Amino acid sequence: MKSIKRLKYLLLFVILLGVLLFSIDWIISFGARHVNVSDLGKINLIFNHRVDPDIMIFGASDAEWGFDAPELQRLTHRTVYNGAIDGTHYRQLACLIDEFAQYATHNRAVILSLGPFALRARMGVREIERYLPVIGNQNVYESLYDMDADLAFKCRYIPFYKYTEVSSNYYRQSFEGWKTYIKSRRQGFPLDTMLGYVPDPQAWQRAPKNATNDASNVPIDKFTYQVLADLIRELRSKGKKVIVLVSPFHQSGVALIKNWEQIRSGMQALGAMADYYMDFSTSTLTTQKDYFRNSFHLNANGSKVFASILAEQLNRILK
Amino acid sequence: MLFNSFGFLVFFIVVTCLYFLLPNRARWSLLLLASCFFYMFFKWEYIFILLFTIAVDYYAGIKIESAEGVERKRKWLILSLIANIGVLAFFKYYNFLNGNISGLYSLLGYKNPIPYLHIILPIGLSFHTFQAMSYTIEVFRGHQNAERHFGIYALYVMFYPQLAAGPIERPQHMLPQFHERKQFDYDNLIIGLRLMLWGIFKKVVIADRVAMAVDTVYGDVHEYSGGCLLLAAILYAFQIYCDFSGYSDIALGSARVMGFNLMRNFDHPLYSKSVTEFWRKWHISLSTWLYDYLYLPIVIAKRDWNKFAVAFGLMVTFFISGLWHGAAWTFVFWGVLHGLAVTYEFLSKKPRNRLAKVLPNWLYSATCRILTLAFLVITWIFFRTGSMSQSFYIIKTAFNPLAKGYFHLMYRELNDDLTIMGFARWKFFAVMLGVVGFAVADWLIYKKRQFILFQVSQGLRWAGYALLVICIIFMGVFHSNQFIYFQF
Amino acid sequence: MEKEQIMQQVNAIFIDVLENPDIHIDANTKADDVAEWDSLHHIQLVVAIEKHFKVKFTTREILNWRNVGDLCSSVSAKLSAK
């Protein structure tokens with residue numbers, strides 16, 4: 001009986017510990033929710049319906065580092081936002097684009113940027129920590145659940161489980177989020193100054209040592225293709241002009257993909273469903289090593305040049 | 001199911017609660033069922049291997065006990081040992097032996113006709129076969145009665161807290177515990193939970209974080225400077241200690257909550273003053289097993305050789321110990337080095353004792369500790385790399401401080417960040433601080449012979465527990481691989 | 001030979017092998033009770049005892065000793081069987 005009585009203390013300890021943990025959790029989450037820079041911030045801004053530019057860009061790292069949003073804004077005299085998220089597949093981006101399509105009333109044009117690997121199948125969720133502040137959103141939860149049900153469920157419903165998934169970067173960002181919150185409480189939730197663009201200042205890099213330089217087949221994933229087709233249809237039904245764009249990559253990259261022509265025709269088919277189709281894979285840019293950091297990514301220098309080419313075309317079609 | 005996974009947390013809570021809710025006569029079936037579930041979580045088909053050895057040893061145990069005369073008893077013992085060692089040899093050493101045969105063949109210019117097999121090592125195989133052999137040997141020696149209850153014998157082999165990586169228990173210690181009636185006990189609960197907490201902390205906060213630095217360096221040995229290699233080798237000592245002793249603490253703790261006492265597996269081995277002492281404090285359940293069933297019989301049989309008997313026994317034992325850890329020559333070499341060190345210490349006892357009397361006590365113990373730790377760090381290089389040439393390269397480079405660029409620690413990554421062993425600088429220093437902090441805490445526990453938090457007031461103690469929980473949740477690494485000792 | 005005598009002679013062997021003149025053993029003494037009596041010295045003790053009493057133990061006997069008392073009864077059993 002004595003044992004049972006002493007359990008009271010253990011219970012009290014567990015309750016106090018719980019209160020403590022939930023407070024820490026709240027502090028970290030609050031900060032993370034108020035981040036407005038980097039990929040985490042982008043997702044926050046979109047789910048807080050703070051982004052509604054004339055021209056919106058979605059894509060993966062090729063787009064995040066390749067579309068110089070401030071420069072495009074200057075050249076097109078239209079508002080631009082780069083909503084691309086590094087390393088992320090369209091299946092995972094779908095919830096973001098979906099949400100955007102639902103709320104953005106001002107927006108006129110959406111660019112869906114396709115890097116050479118955009119149609120490839122991808123396993124699992126990439127960097128779930130970027131989605132944690134908005135995981136309560138049904139749209140986000142369902143699309144994450146679709147990719148990794150177990151992970152999505154645990155992150156949403158089991159207290160503190162998400163902290164076993166995050167990197168220390170999450171805590172640093174949360175701290176930055178608090179700073180942003182304290183500084184700009186009155187203006188609400190400001191956009192970041194780079195408009196989602198991440199300039200990459202590096203010159204051409206040798207490929208990482210362990211990267212293979214052998215050409216490989218990159219099969220088209222039917223499911224991903226379907227997701228993109230659905231997104232194009234949905235965006236168009238909301239009265240937005242959809243531009244499917246094959247992003248520029250250095251010509252050395254073509255040599256690494258055996259079935260590039262096949263992929264390209266798949267992208268072309270998607271382009272046919274959209275309002276416009278632009279293919280920069282053969283642009284004059286792609287011969288210059290100065291414009292790239294590696295085979296598949298523009299550097300800051302290259303994206304400035306790319307912006308001027310793109311702006312000209314955008315000005316023509318968005319008259 | 002890994003001890004540091006969310007799944008195990010749920011499993012542990014459910015099993016422990018059910019254990020105390022069920023009447024005593026049903027408890028063994030619960031534990032057996034839970035252990036089967038735990039085992040089959042890795043690869044369910046392998047349960048049949050376990051079933052096979054359990055059945056053989058159960059039957060052999062009874063036969064050994066009832067057989068008339070030592071010779072008959074011995075026959076049954078040998079049958080049991082062949083079954084156990086056979087299973088172990090097939091699953092663990094088949095490809096190793098075959099690889100060596102291929103080497104011999106190719107030396108002679110032929111191709112080895114025996115096929116290579118893709119075998120996944122069953123979880124905990126080296127541990128539970130040793131534990132099962134301990135049972136039949138003890139029955140043979142007459143130190144243990146044969147167990148008649150099949151379920152309880154099965155539970156002895158596959159009790160889930162110790163199934164995956166020990167401690168390798170003894171029948172005299174475990175079997176009575178399965179028969180006795182356990183009462184819920186608050187002290188057991190607290191002691192058990194505390195052990196688990198400390199074990200998880202060691203694993204996810206220290207070992208796995210340190211592993212990131214170690215893996216970075218060992219992943220690309222030729223890229224890093226001698227200083228980095230030396231640091232990585234030292235950090236690996238802490239990694240493997242925190243990893244394995246952390247595992248053992250969780251094992252002991254999760255059994256203790258239900259009232260089971262498992263044997264202590266670690267006694268602060270990194271502070272040993274000799275390699276001999278290290279082996280009394282590191283993986284105690286294995287070293288006592290080898291001592292009782294291998295070393296002692298050898299030395300007794302060869303006792304007329306006097307000192308050579310001991311040296312011979314030590315070398316054989318450490319050779320086997322190396323082989324037990326892994327089917328590779330690097331492990332054997334590691335074992336042989338330890339055998340040589342312990343033999344040397346045995347033979348040089350007198351002169352060393354004379355030296356100890358001359359030197360001031362603190363100086364002598366400090367020197368011994370540093371030399372022992374250095375020996376451990378160097379031998380663990382073979383343990384970690386799995387390649388002889390790479391190990392020698394590391395030793396050569398790490399202990400050549402006069403080489404150009406030896407103290408070069410910082411590296412520029414592709415994205416222009418400066419890193420030390422794969423960590424951003426501030427993070428690296430935080431990790432080092434963590435390791436040093438852990439070493440100090442571990443030293444204090446060692447000196448005071450109890451958990452340091454016992455020394456302070458109750459409020460502070462509970463605050464300490466809370467701090468450990470917070471560190472685990474917010475600073476732990478949960479995406480690493482298994483525990484190091486799972487592969488053995 | 002009397003048990004007392006055997007015990008005294010064994011004690012002398014202990015002092016000799018373990019090089020510690022202060023050792024005093026009785027029937028209940030275990031390896032843990034004597035600091036120098038470690039695993040490695042155990043064998044030297046066995047060999048010295050076998051030589052002194054001119055007996056030979058089996059492995060099984062040696063493994064079954066739990067304390068000095070068991071050891072001495074083994075010795076006296078061997079001696080009386082002679």
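This is a predicted model: local features need pLDDT of at least 70, side-chain atom pairs count only at pLDDT 80 or more; totals for chains, interfaces and linings use all residues.
Residues are numbered from 1 along each chain as its sequence is written, chains are lettered from A and ligands numbered from 1 in the order written, and side-chain values use heavy atoms, leaving out hydrogens and water.

Let's start in chain B, with helix α10 (residues 226-257) and helix α18 (residues 425-448), whose axes lie 12 Å apart at an angle of about 55 degrees. Helices here are DSSP runs (H or I, at least four residues), and strands are E runs of at least two. Axes are lines fitted to C-alpha atoms over the stretch in contact, with angles from 0 to 180 degrees between N-to-C directions. So α10(B) is oblique to α18(B); oblique is what remains after under 35 degrees (roughly parallel), over 145 (roughly antiparallel) and 65 to 115 (roughly perpendicular).

Now the sheet: it is open, with three strands in the order β1-β2-β3 (chain B) and antiparallel pairing. Pairing requires at least two DSSP bridges, and β1(B) and β2 (residues 418-420) of chain B have three. Across that pair, B:R412 stands opposite B:L418.

Finally, how much area do chain B and chain C bury between them? About 1,800 Å², 59% of it on carbon and sulfur atoms, where buried area is the accessible area (1.4 Å probe) lost on being put together, summed over both parts. B:R141, B:I300 and B:R303 supply 33% of the area that chain B buries against chain C. Thanks, everyone!

Key. Buried area is the accessible area (1.4 Å probe) that two parts lose on being put together, summed over both.
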